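Please examine the sequence and the three-dimensional structure shown below. The report that follows considers selected residues and their surroundings.

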Amino acid sequence: GDLAKHYMKERSYDMAIQIFNKKMGKDSSNLSLAEYYELGRAYYFGPKDYVKADQAHVKVLAQAPDYAMSHLWRARSAVQLDLDKTTWAPKALYEGFLNVLKPEEKTGAYKSMAIEALKYLGDFYVNSPEKDVEKAKEVWREVQTLAPDDAQAKAFLSTVK
């Protein structure tokens, strides 16, 4: 575990993955939730294997369903797997992330991540087949509340009444 942490710190993600997988062996219970979390991040940043990154965070959330950061990393992986926005799969994952945050976390430690999630949802309500201008306004207003100078929120809100 300590060696894998070292490799993560050094951004040697492929080495971290090797160490985590060796530690896991054939028994997934050999890794702690924190190690699964780091394994997911290693797959995301290293080989950019977004499916395996997602699977690692699914393991975390199975035991800790309110762990916000794994919801966020699942959403980020889904974004990479749906770059052409055909499935819009990240929507539910970003909603899950926002749902586990307390109001003070949205304006505090998780603010930039909350904005990321809200911007995705704003884009969803503007551009997906489920177009919903009223919901889009609500989401972009929330972005603007968190980041008053946000150019995207200003641009959208200036085009609608």
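## Two loop residues with positive phi

Trp 88 is found in the loop that runs between helix 5 and helix 6. In this predicted model, Trp 88 has a positive phi of about 55 degrees, although it is not a glycine. Is Trp 88 buried or exposed? Its relative accessibility is 9%, and because buried means under 20%, Trp 88 counts as buried.

Lys 48 also has a positive phi of about 55 degrees without being a glycine. Its place is the loop between helix 3 (33–45) and helix 4 (50–63). The relative accessibility of Lys 48 is 49%, and the residue therefore counts as partly exposed.

## Salt bridges

How many salt bridges does the structure hold? There are 11. One of them joins Lys 85 to Asp 123, with the closest N and O atoms 2.3 Å apart. This pair links distant parts of the chain, since the two residues are 38 residues apart. Lys 85 belongs to the loop between helix 5 (68–81) and helix 6 (90–100), whereas Asp 123 belongs to helix 8 (residues 111–127). Lys 85 counts as partly exposed at 33% relative accessibility, while Asp 123 is buried, with a relative accessible area of 17%.

Glu 134 and Lys 137 form another salt bridge, with an N to O distance of 3.0 Å. Both residues lie in helix 9 (residues 133–146), and they are 3 residues apart, about one turn of the helix. An α-helix has 3.6 residues a turn, so residues three or four places apart point the same way.

Asp 149 is exposed, with a value of 65%.

## Helix 9 and its packing

Helix 9 consists of 14 residues. From its first C-alpha to its last it reaches 20 Å, which is close to the 20 Å expected at 1.5 Å a residue.

Which residues of helix 9 are buried? They are Ala 136, Lys 137, Val 139, Trp 140, Val 143 and Leu 146. The buried residues of this helix pack against helix 7 (103–107), helix 8 and helix 10 (151–159).

## The nonpolar core

The largest nonpolar core has 50 residues. Helix 8 supplies the largest share of this core, namely 9 residues. The residues with the most contacts inside the core are Phe 20, Tyr 36, Leu 39, Phe 97, Leu 98 and Trp 140.

Tyr 36 may be considered in more detail. When its neighbours within four places in sequence are left aside, Tyr 36 is in contact with Met 24, Ser 28, Leu 31, Ala 56, Lys 59 and Val 60.

## Aromatic pairs and a cluster

The structure holds 12 aromatic pairs. Among them, Tyr 44 and Phe 45 form an edge-to-face pair, with 5.2 Å from centre to centre and 85 degrees between the planes. The rings of Tyr 44 and Tyr 50 also have their centres 5.2 Å apart, and their planes stand at 65 degrees, so this pair is edge-to-face. Tyr 44 is buried, with a relative accessible area of 14%, and Tyr 50 is buried with a value of 14%. Phe 45, at 31% relative accessibility, counts as partly exposed.

Which residues form one aromatic cluster? The cluster consists of Tyr 13, Tyr 44, Phe 45, Tyr 50 and Trp 73. A charged residue is placed beside one of these rings: Arg 76 lies over the face of Trp 73, at 4.6 Å from the ring centre.

Definitions and conventions:
Residues are numbered from 1 along each chain as its sequence is written. This is a predicted model: local features need pLDDT of at least 70, side-chain atom pairs count only at pLDDT 80 or more; totals for chains, interfaces and linings use all residues. Side-chain values use heavy atoms; hydrogens and water are left out. A salt bridge is a side-chain nitrogen of Lys or Arg within 4 Å of a carboxyl oxygen of Asp or Glu. Helices (H or I, at least four residues) and strands (E, at least two) are DSSP runs, numbered from the N terminus. Buried means under 20% relative accessible area, exposed over 50%, partly exposed in between (1.4 Å probe, protein chains only). A nonpolar core is a set of buried Ala, Val, Leu, Ile, Met, Phe, Trp, Tyr and Cys residues joined through side-chain atoms within 4.5 Å. Contact means heavy atoms within 4.5 Å. Rings of Phe, Tyr and Trp (its six-membered ring) pair if their centres lie within 6.5 Å; planes under 30 degrees apart count as stacked, over 60 as edge-to-face and the rest as tilted. A charge sits over a ring if NZ of Lys or CZ of Arg is within 6 Å of the ring centre and within 35 degrees of the ring normal. The expected span of a helix is 1.5 Å times one less than its number of residues.
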